[in-house]
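Here are my notes on the model you asked me to look over. I have kept them as numbered points so that each can be checked against the coordinates.

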Amino acid sequence: MRSHTDKQLRRILTDVLGLKPGQADDFDTDTGLFGHLPELDSMAVAGLLTEMEDRLDIVIEDDEVDGELLESFGNLLAFAEAKRKAA
Amino acid sequence: MNLTSYPCPLPGGASADEYALGFDRSAAQRLLIIPALFDEAHRMRRLCVDVMRRLEGGGIDSFLPDLPGTNESAADLSELALSDWAAAISSAARHFKATHILAIRGGGLLVPSGLPGWRYGPVKGASLLRTLIRARVLSSREAGREENGEGLLIEAQEHGIELAGYRLGAAMVQQVQAAQPAGSLPEIEQELLSGSPLWLRAEPDADAAQADALAAYLTMAMRG
């Protein structure tokens, strides 16, 4: 059973990456993001983070954003879940 | 489709002709599209033109003006503020005798008064700025330079800043940071178009189905 945050994050990645509906359902914790997907440049990552803030109702600080956070779907999801708990 | 132009007031009382795309057959219904701002303008331009072609097929004229300091404009963007863009849009609305407005994303910050129309994907100026500054911090970091978003915003409001290739003056930054989308126009929801919003795409993309849906909605609404 996927959490609300999990579903929202897949939806956001679907929008940003222009995936077909359902395609993001195959993402697992090891699915690579930044560095694996050439279309995720800094502008796209910035848009992704702003969209996460709006839709998940969280605030992401600049110094929380590093290569590790964006390395995999699992890392990004764990970060979003922790932020939602703290919010 | 034609390249046309409109008279655009500039700061200090000057004026220039700025380009616009236009489908003009002297129709009774005439739509002025206020483009999305900054990097989002590029990602939304294809949808705008796709919608304009479809409206033409339905006998509705439409116009997509260049904002001064962007696209083909020779004006110096760093000397312009959001209020200058709003004045440009007002002038374009008069020149093209617009009967309706479609404001895309940040275009909602430039809506002239007195015309009916719609907002699609309205966004606060502060949110646009935050994303642009964040992109700059991320790309600086990749290049080995550490910058701070909050610090950059404060400095930008005093001295201006370059974001995503746009040289923004202090007045532009201050006004964008404070700007709220016009609440007077009804919003076209993404659900109506289905699909996912094209301004979010990492790679600019087209979506014929979304253009069909938006044009069909506008045609029905403008024909009454």
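1. Basis of the values. This is a predicted model, in which local features need pLDDT of at least 70 and side-chain atom pairs count only at pLDDT 80 or more, while totals for chains, interfaces and linings use all residues. Residues are numbered from 1 along each chain as its sequence is written, chains are lettered from A and ligands numbered from 1 in the order in which they are written, and side-chain values use heavy atoms, with hydrogens and water left out.

2. The largest pocket. Its volume is about 660 Å³, and of the 35 residues that line it, Glu51(A), Arg105(B), Pro197(B), Trp199(B) and Leu200(B) are the closest to its centre. (A pocket is an open set of points on a 1 Å grid over the protein atoms alone, where a 1.4 Å probe fits, with protein on both sides within 12 Å along at least five of seven lines; lining residues have an atom within 4 Å of a point. A volume is the space filled by probe spheres set on the points, which are joined across faces, edges and corners.)

3. What lines the largest pocket. The largest share of its lining, eight residues, comes from α2(A); helices (H or I, at least four residues) and strands (E, at least two) are DSSP runs, numbered from the N terminus. By class, the lining has 14 nonpolar, eight polar and 13 charged residues, where Ala, Val, Leu, Ile, Met, Phe, Trp, Tyr, Cys and Pro count as nonpolar, Asp, Glu, Lys and Arg as charged, and the others, Gly among them, as polar.

4. The second largest pocket. This pocket has a volume of about 360 Å³, and of its 18 lining residues the closest to the centre are Asp62(A), Arg130(B), Ile133(B), Gly149(B) and Glu150(B). α3(B) gives the most to this lining, with seven residues, and the classes are six nonpolar, three polar and nine charged residues.

5. Seven strands form an open sheet with mixed pairing, in the order β1-β2-β4-β3-β5-β6-β9, where two strands pair if DSSP finds at least two bridges between them. β1(B) and β9(B) stand at the edges with a single partner strand each, so one side of each is left without a neighbour in the sheet. β1(B) pairs with β2(B) in the antiparallel sense over eight bridges, with Leu3(B) opposite Leu21(B), and in their hairpin, which has five residues between the strands, Gly12(B) takes a positive phi near 80°. β2(B) also runs antiparallel to β4(B), to which four bridges join it, and there Phe23(B) has Ser62(B) as its bridge partner.

6. A buried lysine. Lys83(A), in helix α3 of chain A, is buried, with a relative accessible area of 18%. Lys83(A) and Ile58(A) are 25 residues apart in sequence and 6.4 Å apart in space, C-alpha to C-alpha.

Conventions: Buried < 20%, exposed > 50% of the residue type's maximum accessible area, 1.4 Å probe, protein only.
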